[in-house]
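Here is a short report on one protein and its ligand. Keep the structure open beside the text as you read.

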Amino acid sequence: RYPALFSPLDLGFTTLNNRVIMGSMHTGLEDEPDGFNRLAAFYAERAAGGVGLIVTGGIAPGAAGRTGPGSAVLMTEAQAEKHRPVTDAVHRNGGKIVMQILHAGRYSAQSLLVSPGSGQAPISSFAPHMLTAGEVEQTIGDFVRCAALARFAGYDGVEIMGSEGYLINEFIASQTNDRDDKWGGPYENRIRFAVEIVRRVREGAGPDFILIYRLSMLDLVSGGSTFEEVIQLGKKMESAGATLLNTGIGWHEARIPTIATCVPRAAFAWVTKRLRAHVSLPVVATNRINTPEVAETLLSEGYCDLISMARPFLADPQFMRKARDNRADEINICIACNQACLDQVFVGKTASCLVNPLACHETELMIVPAAHRKRIAVVGAGPAGLSCATTAARRGHDVTLYEAATEIGGQFNIAKKIPGKEEFHNTLAYFRRQIELTGVKLLSGIRVGAEILSVGSFDEIVLATGVTPRIPNIEGIGLAKVLTYAEVVRDERIVGQRVAVIGAGGIGFDVSEYLSRSSESETLNPARFNARWGIDTEYRLPGGLGSECVEPSAREITMLQRKPGKTGEGLGRTTGWIHRAELKARRVMTMSGVTYRRIDEAGLHVAIAGQDRMIPADTVVLCAGQESLRELYQPLSDAGCIVHLIGGADVAVELDARRAIDQGVRLAALL
Ligand code: FMN
């Protein structure tokens, strides 16, 4: 099915089995006491799944280059020995692995940070120390030593991280390099640091060592590189001894989404294709490539020579094997939500995956055949019930899944309709297929009662009955103009021109985005996505920036919350800013610290700081939280049944699919 994807790539001294690289991901395990053994299990499973080459998460070449205090460095043989379980496990499973060397530069979240210039990053709390000429030389030496140690540890090569606004990228861009020595000034000088690193690493490592350079092809910040400069750097890397050129997109401080779920699939492959025409090294396309079909198309249409997928290998370690065996419809597709991976890493926790909670937990959460086949009823086919039912059935249990609605999915059926969250459809398709494969008996359109469940035909009962929107006690709440978020999004009830949204949590934001749109989602239309965020595919200005073009809101929307302070504080660490920027650009009004007084024909009456206000509204939408639905719990417990509560039925405070799926899998692992 995928001839381009599965064609080997001969690198001269070694051959990659196929065209897919597992992209670099810092998982947090690198920094934990038993982390390398856990990483070994994590990578071994991906190698066994058939990915052509794995890139590790970034490892610093010296203390100043760490991403934060306590994060991994590789400076000594003793530290290199710790990596051996990883390289051994990958090789035992037929894979290849390179270690990424990442110097965080002025993005380092520690007070020791360094930079080629003196400027502080807008996203950093610390001012950097400007490297002296001697320290620049020393830092190059650190990279060379680190690469040699990686070879000593058994890696097949290294990737030099030259993008995303980290140290190397800071040398290259004029906005962060105000030096007047041979490392600053004209472009030739600014790329000297990158080129010298690659040249000397190659010199030290010899010819038979994979050397990937991750090149920032599109900085997306002002003062970034021009496309002519990108070409120049690509060519220099060829002569300096790189084996492959990987793509880097956007600095961390750029205010343009580059990996979030709202980014169209393969949205940045165009820039890799443009560079490919000018260099002879194989080039790698990255970001939001998440299905074998998309990857095959890019390869066969000449966008790139290799595909990098990072998060898709959290979601499904068997991605390549399933694609090869004509089982692509069984792939658990990355929905790019960041909720369990990047958002966790940013707060110092171990990465995992919302759709695959086993990721990075391979040594402690194992799905093994059950000792005794039990008859299990799972009530509710939302994310928690689906993950529990399919995992339990995979273990060999006899599972019946009851769903009151006619279709599976629960709250995911709301999420999938929000513009920019279309990927959620894929998780539902995955579960539908898993239900077939594992033999779960799905009884949908049936609201099952305690009398049926308790008559003894089940050994254990799992209640995953979900939530219902919370109806706040406000005068006028019963008026026809008041709708819940479920009625608006799921049932598509008619909504007026002026809207007040009660509640500014995740659902309030989703509903406001949904109601502010009048045309096709930009996520499904790359040209409109580029226009919205000011990404210039003609690359007329440095950094590839163009002007933003925002579609005006389809409605006049005011979103309110009782809590004082900024709205959207609780949104995802790496994606919240996108949602806040979207609503701001569409001129959705936000109000905090409000007391709700009443709703009447005119609109919503509130008080703010003791002042009465009226928000004119044709429709008032309730996004004021939800309550657990668990009325089956008591009667079943009273009847002596073994009953478990998971997902929203267990805790409803903030709807959280990550917790729901994780809880479903963990319970199923123990049933
Ligand atoms: N990119 C790096 O170059 N070095 C890193 O250490 C790194 N860590 C990451 C950690 C996580 C949890 C995630 C999700 C991404 C990380 N990335 C890192 C970026 C990925 O390599 C990749 O560019 C990005 O996830 C987009 O590709 P994808 O859509 O295939 O996931």
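## Helix α20

Helix α20 is followed by R587, and the phi of R587 is positive, near 60°. Note that this is a predicted model.

Now look at the helix itself. α20 runs over residues 576-585. Its buried residues are G576, W577, I578, H579, E582 and L583. What covers them? The cover includes α18 (506-516), α19 (526-533) and β20 (556-560). An α-helix has 3.6 residues a turn, so residues three or four places apart point the same way.

## Helix α18

Next comes α18, one of the elements that cover the buried residues of α20. In α18, 9 of the 11 residues are buried, so this helix is largely enclosed by the rest of the structure. Which residues are buried in α18? They are I507, G508, F509, D510, V511, S512, E513, L515 and S516.

The cover over these residues includes two helices, α17 (485-489) and α20. It also includes the strands β19 (498-502), β20, β25 (619-622) and β26 (626-628).

## Aromatic pairs

A search of the whole structure turns up 12 aromatic pairs. Take Y107 and Y166. Their ring centres are 5.6 Å apart and their planes stand at 85°, so this pair is edge-to-face. Y107 sits in the loop between β5 (97-101) and β6 (114-115), while Y166 sits in the loop between β8 (157-162) and α4 (167-172), so the pair ties together parts that are 59 residues apart in sequence. Are these two residues buried or exposed? Both Y107 and Y166 are buried.

W270 and Y539 form another pair. Their ring centres lie 6.5 Å apart and their planes are at 70°, so this pair is edge-to-face. W270 belongs to helix α8 (residues 269-276) and Y539 to the loop between α19 and β20, so the pair ties together parts that are 269 residues apart in sequence. W270 has a relative accessible area of 15% and is buried. Y539 is buried too, with a relative accessible area of 5%. Elsewhere, ring pairs link F143, F171, W183 and F193 into a cluster.

## A buried glutamate

Where is E362 found? It is in the loop between α12 (342-346) and β13 (375-379). The relative accessibility of E362 is 11%. The cut-off for buried is under 20%, so E362 counts as buried.

A polar atom of the E362 side chain lies 3.0 Å from the backbone nitrogen of C360. Leave aside the neighbours of E362 within four places in sequence, and its contacts are A41, F42, E45 and R46.

## The ligand

How many residues surround the ligand? There are 18, and the closest are S24, Q100, R214, R288 and R311. By class, this shell has 9 nonpolar, 6 polar and 3 charged residues.

For R214, a polar side-chain atom lies 2.8 Å from a ligand oxygen atom. For R311, a polar side-chain atom lies 2.7 Å from an oxygen atom of the ligand. How much of the ligand does the protein bury? Taken alone, the ligand exposes 600 Å², and the protein buries 92% of that.

Conventions:
Residues numbered from 1 in each chain as written. Predicted model: local features only at pLDDT ≥ 70, side-chain atom pairs only at ≥ 80, totals over all residues. Heavy atoms only, no water. Near = heavy atom within 4 Å. Polar contact = N/O pair within 3.5 Å; in protein donor to acceptor, adjacent residues only side chain to side chain. Areas by Shrake-Rupley, 256 points an atom, 1.4 Å probe, with all protein chains shown as cover. Nonpolar A, V, L, I, M, F, W, Y, C, P; charged D, E, K, R; others polar. Buried < 20%, exposed > 50% of the residue type's maximum accessible area, 1.4 Å probe, protein only. Helix = DSSP H or I, 4+ residues; strand = E, 2+ residues; numbered from the N terminus. Contact = heavy atoms within 4.5 Å. Phe/Tyr/Trp six-rings, centres within 6.5 Å; stacked < 30°, edge-to-face > 60°.
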